[in-house]
Amino acid sequence: MLREILPAEAPHSPEVMAMVMAMLGDEPIAPALLAKARDPALIEARAKAEAELLAADWSNLGRYQGANAQAIASGARPDLVFMGDSITELWPAADPAFFPPNRLGRGIAGQTSPQMLLRFWPDVIALRPRAVHILAGTNDIAGNTGPTTPYRYQCNIRAMVDLAQAHDIRVLLGSVPPAAGFAWRLGVEPGPWIAELNGFLRGLAAERALAFIDYHTPLADGAGAMRPAFTHDGVHPNRRGYAVMRGVLEPHL
């Protein structure tokens, strides 16, 4: 008989949580906090933990298994599930009021679209939401799970859309936010990728009668980067950036 053997992911360390809260804030990140985040020992420990997790549970199905079990047992049907990467994961911390109990965050930092596709059933379909918000692509472009192509990304997004629509779940398809580069993957020029993927997402939304949520336009500085007022690292929004995203999304809810 098969058993559930996946452990839940360990909580984020205090150092990581302090950096997260600083990244969401309006003020510049304190030099001491930046220095601690760049400590070689901490970086090595995080890399080791991430490698062990990938080896044991590549798509991190264990991350939300407990929360999903509770949601299913409650019998309540969520209005909206947010599927995505770190930008989705951090949103509830940035704007708790935007995430009442009937809106569930299922973002996992660093994830790519193939990882999201693998957990789309337990983290979305099994919860029977009325709608799903899909925001993916940044980490595909960065190559977090290895080299990829736009076509592979497109296949993963189409598969998630197919699964959702087959179960009468409305799809809100978010555009890839702007970024001029990635601190964790130097040498990547994301601009052309982002333009191509967003063109695909816009076309797919029109083709399948989905809601296309254009976060890129209001967040971008006109040269492909995220406006400095909306981010500390050029990739992740701060609270001001998330407020812009909320303003774009709310009319579709």
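Here is a short walk through this predicted model, one selection at a time.

Start with helix 1, residues 14–24. Colour Met 19, Val 20, Ala 22, Met 23 and Leu 24, the buried residues of that helix. Now bring up helix 2 (31–37), helix 5 (86–94) and helix 12 (239–249): these are what the buried residues of helix 1 pack against.

Next, hop to helix 8 (residues 138–142) and select Asn 139. Is this residue buried or exposed? Asn 139 counts as buried because its relative accessible area is 4%, under the 20% cut-off. Show its surroundings, leaving out anything up to four places away in sequence, and you'll find contacts with Asp 85, Gly 110, Gln 111, Thr 112, Asn 144 and Trp 184.

Now for the largest nonpolar core, a set of 34 residues in which Phe 120, Val 132 and Ile 157 have the most contacts. At least two residues each come from strand 1, strand 3 (131–135), helix 8, helix 9 (150–166), strand 4 (170–174) and helix 10 (190–208). Helix 10 gives the largest share, with 6 residues.

Zoom in on Ile 157: beyond four places in sequence, it touches Ile 134, Ala 136, Leu 173, Phe 200, Leu 201 and Leu 204.

Last stop: a separate core of 22 residues, including Ala 131, Ala 211, Phe 230 and Leu 249.

How values were computed
Residues numbered from 1 in each chain as written. Predicted model: local features only at pLDDT ≥ 70, side-chain atom pairs only at ≥ 80, totals over all residues. Heavy atoms only, no water. Buried < 20%, exposed > 50% of the residue type's maximum accessible area, 1.4 Å probe, protein only. Helix = DSSP H or I, 4+ residues; strand = E, 2+ residues; numbered from the N terminus. Contact = heavy atoms within 4.5 Å. Core = buried A, V, L, I, M, F, W, Y, C linked by side-chain atoms within 4.5 Å.
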